[in-house]
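Student: I have a protein model open and would like to learn how to read it. Can we go through it feature by feature?

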Amino acid sequence: MPAPTPGRAQALEGECAALAEALRQSDERLRAILDNTSAVVYLLDDQGRYLFVNRQWESLFHRSRERVAGQTLWDVWPKEFADALHAGSREVLRSRKAMEREELLPHDDGVHTYLSLRIPLFGSTRAPYAVCGISTDITDTKKAETLRVGLNWVLDMIVTGDPLEDVLTSLLRLIESQSQGMLCSILLLDEDGRHLRHGAAPSLPEAYMKAIDGEPIGPRAGSCGTAVYRREPVIVTDIQEDPLWADYRELAAQHGLRACWSTPIISYQGKVLGTFAMYYREARSPSLAEKRLIGIAPHIAGIAIEHKRANEALRESERRFRGIFDSALVGIHLADLKSGADLINAAYLRMIGCSAEEFCGLATFDALTHPEDRDADRARFEEMLAGKVDHYQADKRYVLRDRRVVWANLTVSLLRDASGEARYALGMAVDVTERKRAEEQAALLQEVTMDVAQAEDLASALAVVLGHVCEKTGWALGQAWVPRDDGSALECSPAWCTTSGGLERFRAISQGFTFPPGIGLPGRVWSGKEAAWILDVTLDANFPRATYAHEVGLKAGLGIPILAGDQVIAVLEFFLREARAEDERLVGVITAVAAQLGVAIQRKWAEEALRRSEERFRALVEHSTDVIILLGRDGIIRYDSQSLSPVLGYSPEESLGRSVFELIHPDDAPGVRRLFAEVLDRPGHVVRTEARGLHKDGSWRHLEAAVVNRLSDPAVGAIVVNSRDITARKEAERLQTATYRIAQAAAAAPGLQELLLTIHAIVGDLMPAQNFYIALHDAGTGTVSFPYWADERDPSPPARRLARGLTEYVLRTGSPLHATPDVVADLQRRGEVVQIGTRHFDWLGIPLAAHQETIGALVVQSYSESIRFGGREEEILRFVSTQVAMAIERKRAEEALRESVVTYRSLTPDALARRIREVLDRPR
């Protein structure tokens, strides 16, 4: 390589000098930029040594860059800070990516928070050799965020009703966290307006707070007492020098307190509530940030104090109101029209027979109002809401849980808010039940007296009294009993009244009874000549109709004698649908009515005697268990006896005027029409037949009838039909036939499957059995099999281990199960059964028992809402189940015997084999 010439060397030296100067100038410019930025900038090598710090770093941490250069983080900072800073640098060097994070660094006034961006620096080899840090002090921002969140928390405590001392303590701790060394207190002005009481001071010495608790305010009462006295802030920068603290200087010195800045807490109404104070242990004036805190803390404290005192005043007001409200003798009900909340006092609750919890559970007040009063009561209330009237007053009835009726005089008014909008409805109620009862009793006696006077006979008079008493005093059923001519017994009078449906059966049953003296409720009243009350007739040993009363839901009973002189001429009998203890007032009312009736009957005694013979004859017809119908030539019903109702369900009003052919089954109608034509052609000739009649509930009843033409008889003038219900007999015949068929099938069927198929067909003739199966239980293997299965939804299941299905429930309990959806839901809830197969609408299972053991189950089920099972179907399956179980056992035994014969035929002598075949082939 040739040596450079002198000219070339000089040129290179010049270029190097120029580059060095440019580099120096660039370095100075960069240093100037870094030194004049507000951010802290520094360089750290991979060992944590400082390579560079800017002037902002020097100013904040009071160290020159010359002194810091080459020092490690551990030389400059305490170990915990140095470890944290170095860990951040190592992460940046490892990842080779810039990272931003928060760092904590100690200052003269405490630890500050910095937001630092760290950038990796790369050398010529592209390996990171140092980290550049750019940090910004965010301590004030963090404090502001802490203050904002903390104030929201304190306000939440105020709203939720936390204790005042807890609220004030939380507020002071929050304020203290904003400035190092700050100690805060709140003193509350006493009710006398002259002394300060401890409110909160979480950081001040407890002895100091006890010493100043209760100190008076005044012009020289330290910072707090003077601030309240002047109603303005008092800033004392040095307690030991300020004359306001002359009386408290020594106390403050004992606890190391040198500065105290106090601000009065003033309410929105301008009333002083107390004082907020900041203490320091060195003499000093408040900073700008501390002045802002002095403006915030008294305001929040004032809100807390006012809120607490307002709540206390409200609670005191509510206590006074509640005391008056609850002790009032008048019922008071306050309804909030916006929220729907109700306030009701004890007097009102006693009147309507509710507890406060039961009243709150009511959907509306209408639930207690008598049905006949609801529309009028609602109309009056809506008229008031519409502004047509300011208030209204009316009598209304409430229906209590025990069905008693209470009368109240009700006054309802609207209470409006400041804007004039209706906010509350105030109801005041006075119990006027006794007054109403007295009025009703007088009116009832007057009506009975007038109506009985116009009655044509004894039955009419009894009907009048029964109707008035039942309707006006709430009885479900009333009927009368009169003595026979020979005085041997009481018999049921035609007079009766009901205010509740479904009692016709009991009425019809009663008509078939007679009572000698002392027997039954009528007999007891007859012999004792005084009223008798029974709490629950279904439990009374001397009430022969107890079973029938239980079926229709009758409970309490009352018997009242009707006396003509000293003779009982009739007994009135009344019933309620609930058990109830004797009501003396009610007995008194009805006794008074009965006395009025006795007087009236004495006047009609002679007339009644003349009609008695005819009435006895009519009673024989009406009380006959046979149905007696009179038809016109056109087949229209002109008359029917009362017994038509229990047989076909029709009252006389429902049947009169109808064609008798409308009530005949379509399959039987042609034969009945032919018979009717024959009867028309042969007057006086009795024709007997059987046909199915249409019951009111849509079912068909088998009837046996004798028909005779009495059209030419002037006393009758009709075709007389005398019929009786033979449905039960027909049903028994069908069941008996089914039993014979099952027995025959057991003998004739070649195998078990053919037998079960025949059994299904037989059951299907008796009831809906489209879905039918038989399950058999093998106790030895613990399995259940389904040898016969007919179902429109599910395939035949294989044999299975005993599970928790409905079938297994019947096998397990040995009892019938009618599994309606409600029953299934209850069994599932109790863990007795689980759903197996398609969900059904109805399911009925009957156990098959043999040798006092349950061997299986006979089951029908329905997937249609139109097919449901009841007592009739259960009775049918019960009846045939015994025959089915015996037939199955017999068929299984035969099959087992045949299998034994096949198995052992090769082992038995020929003679024995022939004997077994003879046994098996013998006719059965």
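Student: Which residues does Glu58 touch, not counting residues up to four places away in sequence?

Tutor: Some ground rules come before that. This is a predicted model, where local features need pLDDT of at least 70, side-chain atom pairs count only at pLDDT 80 or more, and totals for chains, interfaces and linings use all residues. Residues are numbered from 1 along each chain as its sequence is written, and side-chain values use heavy atoms, with hydrogens and water left out. Now, contact means heavy atoms within 4.5 Å. Leaving out residues up to four places away in sequence, Glu58 touches Val53, Arg63, Ser64, Arg65 and Glu66.

Student: Where does Glu58 lie?

Tutor: Helices (H or I, at least four residues) and strands (E, at least two) are DSSP runs, numbered from the N terminus. Glu58 lies in helix α2, residues 55–61. The protein has 29 helices and 32 strands.

Student: Is Glu58 buried or exposed?

Tutor: Look at relative accessible area, found with a 1.4 Å probe on protein chains only: buried is under 20%, exposed is over 50%, and partly exposed is in between. Glu58 has 15% relative accessibility, so Glu58 counts as buried. Across the protein, buried residues make up 42% of the 924 residues.

Student: What about Leu343: buried, partly exposed or exposed?

Tutor: Leu343 is partly exposed, because its relative accessible area is 23%. Leu343 sits in strand β12, residues 342–344. The C-alpha atoms of Leu343 and His333 are 5.7 Å apart, and these residues are 10 apart along the chain.

Student: How many aromatic pairs are there?

Tutor: Rings of Phe, Tyr and Trp (its six-membered ring) pair if their centres lie within 6.5 Å; planes under 30 degrees apart are stacked, over 60 edge-to-face, and the rest tilted. The count comes to 21 aromatic pairs. One of them is Trp475 with Phe574, a tilted pair at 5.7 Å centre to centre and 40° between the planes.

Student: Why does that pair tie together parts that are 99 residues apart in sequence?

Tutor: Because Trp475 is in the loop between α16 (458–473) and β16 (477–483), while Phe574 is in strand β21 (residues 567–575). Trp475 is buried, at 0% relative accessible area. Phe574 is also buried, at 0%. Elsewhere, ring pairs link Tyr42, Tyr50, Trp57, Phe61 and Trp77 into a cluster.

Student: Which residue lies over the face of Tyr280?

Tutor: A charge sits over a ring if NZ of Lys or CZ of Arg is within 6 Å of the ring centre and within 35 degrees of the ring normal. Arg284 lies over the face of Tyr280, 4.1 Å from the ring centre. Arg658 lies over the face of Tyr650, at 5.2 Å.

Student: How many cavities of 30 Å³ or more are there?

Tutor: Take a 1 Å grid over the protein atoms alone: a cavity is a set of points where a 1.4 Å probe fits but cannot get out, and lining residues have an atom within 4 Å of a point. Grid points are joined across faces, edges and corners, and a volume is the space filled by probe spheres set on the points. There are three cavities of 30 Å³ or more. The largest cavity holds about 360 Å³ of space. Its lining has 24 residues, with Val660, Ile664, Leu703, Ala705 and Val721 closest to its centre. Strand β24 gives the most to this lining of the largest cavity, five residues.

Notes: On a 1 Å grid over the protein atoms alone, a cavity is a set of points where a 1.4 Å probe fits but cannot get out, and a pocket is an open set with protein on both sides within 12 Å along at least five of seven lines; lining residues have an atom within 4 Å of a point.
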